[in-house]
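Have the sequence and the 3D view ready.

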Amino acid sequence: MLFNSYIFIFVFLPICIFGYFLLNKTKKYRLGHGFLLGMSLWFYGYFNPSYLLIIISSAIINYLFYLWMKRLQAMAVLEAGTINPELDKVPIYGVGRLKQCKPVMIFGVIVNLGIIFYFKYMDFFIENVNSIAHTDWPLMHIVLPLGISFFTFQQISFIVDTYRGEVPSYDFLTYACYVTFFPQLIAGPIVTHDELIPQLLDEKKKTVNFDNMAKGFYMFAMGLGKKVLLADVFGVAVNWGFDDVSSLKATNAILVLIGYCFQIYFDFSGYCDMAIGLGQMLNIDLPVNFNSPYKSLTITEFWTRWHMTLSRFFTRYVYIPLGGNRKGNIRTYVNLFIVFLLSGFWHGAAWTFVAWSVFNGIFVIITRMFRKRFEGLHPALGWMITQGFFAFSVAFFRADTIQDGVELIKQILYVDFTNIDVNILYAFQTPALKFLLDGTAITHSLPFIYVGIYYFLALVIVLGSRNSHELMAAYKPNWRNMLWTVALLVASIMSFSGISTFLYFNF
């Protein structure tokens with residue numbers, strides 16, 4: 001189910017909010033959890049009910065690994081003679097990293113990675129084996145389940161944290177709610193157990209909080225507006241451009257590339273805002289996952305602001321275990337490169353993602369090697385280098401093939417400037433702008449005015465406005481914010497004729 005759909009806004013969300021708080025009002029909190037689990041599974045399986053078998057099986061398997069390690073930890077406590085008479089009522093901390101638990105943890109991680117490999121990379125693997133070994137193995141054409149990378153990584157973190165002795169005792173219903181919590185199920189943020197489960201168990205969060213509800217709808221409206229009114233509009237021009245890269249000239253290639261930068265920004269930022277807003281409606285605080293990355297002055301800063309919980313995952317569970325920056329510069333650079341390479345594969349089974357990750361990994365390493373020189377640059381120059389590099393790198397991220405990515409960059413470097421293609425002009429002639437400007441003298445003399453308005457507005461928003469968590473921190477439930485929320489919701493819902501999925505659903 002999509003956040004930007006009629007059934008979600010007018011059917012799913014009212015039923016979810018009303019049912020959840022009604023059951024909790026009766027103090028039947030486990031029924032409330034069961035209801036939330038059921039709604040989350042409906043949300044996940046709406047387009048393809050077969051997905052439910054995958055996510056339910058994944059949750060059961062990982063919970064069994066969790067129970068296995070908790071049993072080994074409890075036995076270790078008994079053998080050490082440090083049994084607490086209240087042991088069954090409190091979590092067992094500080095007994096992780098047992099030798100007996102390590103094989104279980106490793107096995108659990110391998111199983112999870114194996115699930116991702118099968119669904120996400122099997123055909124990619126077969127294609128490359130056929131190409132290298134000149135074999136003719138048939139492709140399996142496996143349908144990629146939505147959000148599998150997100151909920152699998154979330155469970156890997158749970159398994160590793162259990163091994164480290166950082167996870168208390170949870171029943172399966174609570175764990176299943178944690179894994180399937182619908183606001184962040186499909187595209188993040190990747191939430192750790194200590195961020196979400198204590199909130200799900202907190203009885204103070206079981207009653208309606210009207211301030212949180214108002215704030216939640218405000219954030220949801222902000223995200224929905226970003227997605228529907230901005231990202232999807234840029235997406236029309238971007239899709240046209242990448243469908244036939246070789247026919248683009250410099251002008252259109254630049255507009256398409258910058259347009260994709262805006263599209264992916266507003267698409268992912270919009271999803272993050274909506275997820276946070278939905279969490280607020282249910283009195284759940286989700287972590288910030290997007291923090292104005294286009295304001296970054298270095299590429300290192302950029303990757304601390306974009307998809308922050310994914311960066312946190314790789315830092316905690318890959319970079320630091322590999323040694324982090326504790327074993328000399330060379331080892332640090334190798335560790336950074338491994339993290340970026342894995343990030344590329346995480347985003348998708350294509351060499352374009354690998355190329356994108358390699359470019360970013362190398363540039364991060366170069367920035368770290370010459371940190372003082374980069375920090376000494378004028379802020380404007382540092383910003384232009386950072387954002388210019390990112391823009392060129394996402395040419396490969398978006399392109400269907402590496403050759404298409406190279407071709408797009410070549411079209412720009414040819415500096416063969418022409419008029420803006422009519423397909424791009426039409427993409428930005430949205431009903432709202434046409435209503436305001438159509439028939440005026442300016443549209444006849446300057447037909448590109450529609451394009452200019454959208455690109456200028458996008459630039460102002462990404463550079464000149466406060467980011468979402470700053471807006472939420474300063475939010476006050478007043479008439480002005482209420483009218484702004486309603487206006488955004490109405491304008492977005494009226495644009496649902498062109499409903500599209502979120503870009504990160506593909507990852």
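Leaving aside residues up to four places away in sequence, Asn335 touches Tyr319, Leu322, Gly323 and Gly324 in this predicted model. You will find Asn335 in helix H12, which covers residues 329-347. Its relative accessibility is 2%, so Asn335 counts as buried, the limit being under 20%.

Now turn to helix H8, residues 210-243. Its 34 residues reach 47 Å from the first C-alpha to the last, close to the 50 Å expected at 1.5 Å a residue. Back at the start of H8, a side-chain oxygen of Asn209 comes to within 3.0 Å of the backbone nitrogen of Asp211. Because 24 of its 34 residues are buried, H8 is largely enclosed by the rest of the structure.

Charged pairs come next. Side chains of opposite charge can pair when their charged atoms come close. How many salt bridges does a search of the whole structure find? The search finds 10. One of them joins Arg312 and Glu195, at 2.6 Å from N to O. Arg312 belongs to helix H11 (residues 308-319) and Glu195 to helix H7 (residues 193-201), so this pair ties together parts 117 residues apart in sequence.

Arg30 also forms a salt bridge, with Asp171, and their closest N and O atoms are 3.3 Å apart. This pair links distant parts of the chain, 141 residues apart: Arg30 sits in helix H2 (residues 29-45), and Asp171 in the loop between helix H5 (148-163) and helix H6 (172-180). Finally, Lys227, Asp232 and Asp267 are linked in a network of salt bridges.

Key:
Residues numbered from 1 in each chain as written. Predicted model: local features only at pLDDT ≥ 70, side-chain atom pairs only at ≥ 80, totals over all residues. Heavy atoms only, no water. Helix = DSSP H or I, 4+ residues; strand = E, 2+ residues; numbered from the N terminus. Buried < 20%, exposed > 50% of the residue type's maximum accessible area, 1.4 Å probe, protein only. Contact = heavy atoms within 4.5 Å. Expected span 1.5 Å × (residues − 1). Polar contact = N/O pair within 3.5 Å; in protein donor to acceptor, adjacent residues only side chain to side chain. Salt bridge = Lys/Arg side-chain N within 4 Å of Asp/Glu carboxyl O.
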